[in-house]
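Subject: Model for your review

Hello,

Here is the model we discussed, with notes on what came out of it below. Please look through the structure before reading on.

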Amino acid sequence: MEQNQLERETRIVAVGNQKGGVAKTTNTVHLATALGEMGRRCLIWDLDMNHGATLHFGIPSEGFLGTFEVLIGEEQPEDVIITNDDEDVELPENIHIIAARRNLEKIDQALVAKNKFLITQDVLLKPLQSLRGRYDYIFLDTAPNATTPTIAAYKAAELFILSAMPDPFAIAGLNDALADIQDAQRHGNPHIRLLGVILSGVDKRTRLAGLDHGVGHPLMLLGDTKIPNCRKNKVFKDLGHYSEWPKMKPPRSKLRGIKRKISS
Ligand SMILES: Nc1ncnc2c1ncn2[C@@H]1O[C@H](COP(=O)(O)OP(=O)(O)OP(=O)(O)O)[C@@H](O)[C@H]1O
Ligand SMILES: [Mg+2]
């Protein structure tokens with residue numbers, strides 16, 4: 001390990017929502033890439049059996065050992081990290097990835113087979129600890145349901161970004177996701193902090209554009225066309241200076257307000 005890698009203060013950021021298809025992976029990838037362009041070293045850890053982040057970078061999903069093998073303790077995370085030094089891999093500057101494959105759907109049986117007394121929600125703690133100091137940010141791209149790797153991400157993350165798309169169901173999902181964060185805070189991870197909500201696929205001509213005054217979290221609206229240049233965006237920039245972000249408790253009443261606005 002290079003000397004300067006040892007000096008990094010690693011922030012562990014989960015991106016999530018129990019709802020599927022709400023841009024969790026897209027936001028993870030773009031946010032990490034933007035930070036990578038700004039010189040921050042980022043690891044994206046794909047925790048979804050559908051391996052969206054792995055696919056995003058064109059990594060052949062069966063080609064690499066990854067999340068499954070680390071979680072069952074057969075591989076050290078350092079040994080499965082994919083970088084540009086790997087054959088046929090093209091990653092953005094300063095981005096590394098731990099890939100997922102379909103075998104993650106069998107993670108629970110595999111964990112029980114290894115050790116009946118294992119606390120499965122803690123499976124990420126040790127591997128993440130061993131990666132501390134190597135990266136500025138480790139992004140945990142979670143699945144749209146409460147699989148073991150996703151629950152483990154809630155348990156291990158320091159910062160959480162909620163991804164949503166503006167339809168009434170997505171906002172209901174957002175409420176569930178906020179409740180999940182509160183549960184994680186109460187049951188084992190008091191340090192997890194909601195960093196903000198990224199609302200993607202927003203048509204700015206509609207009333208949704210006014211949501212940024214009502215959500216109660218740092219809120220970023222992404223238009224329905226293509227992802228804007230992340231470096232120029234205040235929310236993304238602020239992540240580079242995370243300590244300046246206000247401390248937030250999920251204000252559920254505000255979200256009820258959003259739901260009303262969206263459905264009206
Ligand atoms: N800002 C945006 N505007 C329009 N479409 C978007 C935007 N962000 C993401 N999408 C599209 O939405 C779809 C879902 O995105 P993505 O795969 O990132 O969601 P996800 O929450 O990770 O899904 P899953 O729950 O399946 O993991 C993709 O087709 C993606 O291209
Ligand atoms: Mg995804």
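Buried residues account for 43% of the 264 residues in the protein chain. The model is predicted, and the chain averages a pLDDT of 78, with 71% of the residues scoring at least 70. Over residues 224-264 the pLDDT is below 50, although this stretch has 67 contacts in the model beyond near neighbours in sequence. Residues 1-5 also stay under 50, and for them the model has four contacts beyond four places in sequence. By element, confidence is lowest in helix α11 (residues 252-263), with a mean of 38, and highest in helix α4 (residues 67-71), at 98.

Fold and core

The protein chain contains eleven helices and seven strands. Of its contacts with a separation of 6 or more, 75% are between residues 24 or more positions apart. The largest nonpolar core has 62 residues, and those with the most contacts inside it are Val13, Ile44, Phe139, Leu140, Ala157 and Phe160. For Ile44, leaving aside residues up to four places away in sequence, the residues touched are Thr28, Val29, Ala32, Ala53, Ile95, Ile97, Phe139 and Asp141.

Ligand 1

The shell around ligand 1 has 17 residues, and the closest are Gly20, Lys24, Thr25, Thr26 and Pro144. By class, the shell is made up of five nonpolar, nine polar and three charged residues. Two elements, α2 (24-37) and β6 (193-202), each supply at least two residues of the shell. The largest share, three residues, comes from α2.

Helix α2 has 14 residues and reaches 20 Å from its first C-alpha to its last, close to the 20 Å expected at 1.5 Å a residue. The helix is mostly covered, with 13 of its 14 residues buried. Just after α2, Gly39 takes a positive phi of about 95 degrees.

In strand β6 there is one glycine to note, Gly201. The C-alpha atoms of Gly201 and Ala164 are separated by 8.8 Å, and the two residues are 37 residues apart along the chain.

Backbone points to check

Most residues other than glycine have a negative phi. Which residues here have a positive phi although they are not glycine? Two of them are Ala23, at about 75 degrees, and His51, at about 40 degrees.

Ala23 is placed in the loop between β1 (11-16) and α2. Is Ala23 buried or exposed? Ala23 counts as buried, because it has 21 C-beta neighbours inside 10 Å.

His51 is found in the loop between β2 (42-46) and α3 (52-56). His51 has 23 C-beta neighbours inside 10 Å and so also counts as buried.

Regards

Conventions: Residues numbered from 1 in each chain as written. Chains lettered and ligands numbered in written order. Predicted model: local features only at pLDDT ≥ 70, side-chain atom pairs only at ≥ 80, totals over all residues. Near = placed C-beta within 6 Å. Helix = DSSP H or I, 4+ residues; strand = E, 2+ residues; numbered from the N terminus. Nonpolar A, V, L, I, M, F, W, Y, C, P; charged D, E, K, R; others polar. Buried ≥ 20, exposed ≤ 12 C-beta atoms within 10 Å, placed from the backbone. Contact = placed C-beta atoms within 7 Å. Core = buried A, V, L, I, M, F, W, Y, C linked by C-beta atoms within 7 Å. Expected span 1.5 Å × (residues − 1). pLDDT = per-residue confidence, 0-100.
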